[in-house]
Amino acid sequence: MEKRIKTLYTVTIVAIVGFLGMQMYWLYGRYEYSLMEYEHRAEAIIADVLSEYNRARTKKGIANISSSYSMSQGVDSTGHSSRKVVVSSSVISGRKLLGINEERLLTEDEMEKLADLVTDSLSRVEEKKLSIDASTAPSDGIAWAAMRNFDLEIQSPFTIQGVDSLLKKENINAKITLAITDSLMWKSVSKSHVSSFNPCFQVISPYSELERKAVIIDCRIPTADVIMEMGWTLILAFVISLFLIFCLIWQIKTIVKLSRLDKMRNSFITTMIHELKRPISTLKMCVSGLDNKQMADDAEIRKELLSETRTALDNLSAYFSKLRDITFNNVEQIPLNIRSVNLHDLFDTVASATVRPSGKTVVIMNGIAPDFVVSADRSHLYNILNNLVENAVKYSGHEVEINATASVKDALVELMVRDNGNGIPSGDLRHIFLRFYRGKASAGEQPGMGLGLAYVKLLVEAHGGEISVESSEGRGTCFTIKLPQ
């Protein structure tokens with residue numbers, strides 16, 4: 001059975017570790033999915049911001065500009081179709097013509113003067129012309145749009161500050177760089193994050209395709225916001241994981257408890273047979289003696305046999321009373337027959353009834369005053385002392401010395417039973433009064449059910465008293481019982 005339980009323990013641990021591993025893998029996948037969702041949303045916002053910024057650039061563009069576009073289709077030397085675009089843009093630098101260096105709007109008078117100067121000063125006109133092979137353009141519409149973007153860059157140059165201000169309005173903090181690409185770009189390109197712990201994605205968008213100009217936006221993903229979005233998912237996963245682990249552990253504990261109950265049942269039956277065997281054997285011997293006519297005719301022998309019979313019956317009755325009392329849940333349920341008891345004589349009775357194992361020297365000293373009287377149930381008090389003395393004899397070496405003393409303090413009888421036995425480990429001290437608890441150091445050495453000290457505590461509390469213990473391994477144990485008077 002123990003081997004099966006150990007195997008079950010191992011399987012359960014493997015199952016828990018496997019489940020947690022799968023749960024972490026699923027949460028990691030969900031986290032990656034949330035990062036991708038954030039990327040897609042941010043990319044859509046960035047695209048909208050770039051479109052908005054281009055519209056703003058168009059409105060702020062220079063009015064004095066003239067452009068011409070041309071596109072020719074043909075076939076190259078390899079037989080593939082080719083597309084060639086030619087853009088020519090002329091920008092009249094009004095400020096240069098008027099000698100104005102400030103970046104301000106021209107007045108009406110300045111505009112009229114500029115109109116006259118344009119017709120007379122064509123040499124003062126700036127011209128930009130490009131002839132580009134646009135064969136790689138996906139369509140003619142994209143090629144025409146690239147030519148218009150060329151004009152837009154001349155009218156209103158693309159700036160980092162303009163894009164950054166719009167992105168910050170959308171709560172996107174990004175590093176923006178303007179670059180010249182190695183080849184013509186016709187549409188935006190996105191690069192997804194690589195690291196899950198410090199995720200960052202990149203958007204490269206051309207703003208003047210024919211000049212190979214592009215803006216690079218490096219955007220860091222705020223992992224805290226992503227995790228907050230996963231809040232309910234994380235909470236649900238955590239709760240379900242705890243519930244399943246709790247169920248598995250509870251199942252193991254239940255099986256272990258059932259196994260312990262099975263062991264306790266077997267131990268209880270063994271101990272009960274052992275305890276009943278002695279008085280029954282005594283009764284059997286006494287009945288056999290009384291059945292012998294020669295022994296029955298001897299008055300002394302008959303008296304001794306009757307005395308032994310009464311003692312065996314008393315022990316049998318006390319044992320059944322012990323079994324009855326230990327089943328009570330409340331101390332108030334235990335019936336008490338309170339009367340005056342000479343504690344010195346009672347301890348002598350306990351000492352004389354104590355079984356001395358062969359090969360062990362047992363010295364029991366009665367330090368209680370001869371006239372010391374307490375108010376208690378004699379039968380229960382006998383069982384209390386008997387249990388303590390038996391334990392002292394049982395859990396000791398080859399020589400054991402037991403000493404009992406009693407005194408009165410603050411209207412309380414303080415009874416102390418001290419021995420120099422093996423002592424109780426510190427880890428067991430707080431558990432020894434629990435039912436069915438047996439210390440690790442003694443569980444395999446002596447037969448028993450772990451009910452003795454629990455029974456003692458129950459009887460002491462039934463009298464309205466309390467019991468405490470002090471012990472040191474290898475030096476002995478001292479039980480102190482306080483009973484109200």
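Helix α10 (residues 343-353) has Leu343, His344, Leu346, Phe347, Val350 and Ala351 as its buried residues, buried being under 20% relative accessible area with a 1.4 Å probe and protein chains only. Down the helix axis, these buried residues sit within an arc of 165°, so they line one face of α10; the arc is taken over the directions from the axis to the C-beta atoms. An α-helix has 3.6 residues a turn, so residues three or four places apart point the same way.

This is a predicted model, with local features needing pLDDT of at least 70 and side-chain atom pairs counting only at pLDDT 80 or more, while totals for chains, interfaces and linings use all residues. Numbering starts from 1 along each chain as its sequence is written, and side-chain values use heavy atoms, leaving out hydrogens and water.

The buried residues of α10 pack against β8 (338-342), β9 (361-366), β10 (373-377), α11, β11 (399-409) and β12 (412-419), contact meaning heavy atoms within 4.5 Å.

Helix α11 (residues 378-394) in turn packs with α13 (residues 452-462) at about 150°, the axes being 9 Å apart. Axes here are lines fitted to C-alpha atoms over the stretch in contact, and angles run from 0 to 180 degrees between N-to-C directions. On the α11 side the contact involves His380, Asn383, Ile384, Asn387, Leu388 and Asn391, and on the α13 side Gly452, Leu453, Tyr455, Val456, Leu459 and Val460.

Methods:
Helices (H or I, at least four residues) and strands (E, at least two) are DSSP runs, numbered from the N terminus. Buried means under 20% relative accessible area, exposed over 50%, partly exposed in between (1.4 Å probe, protein chains only).
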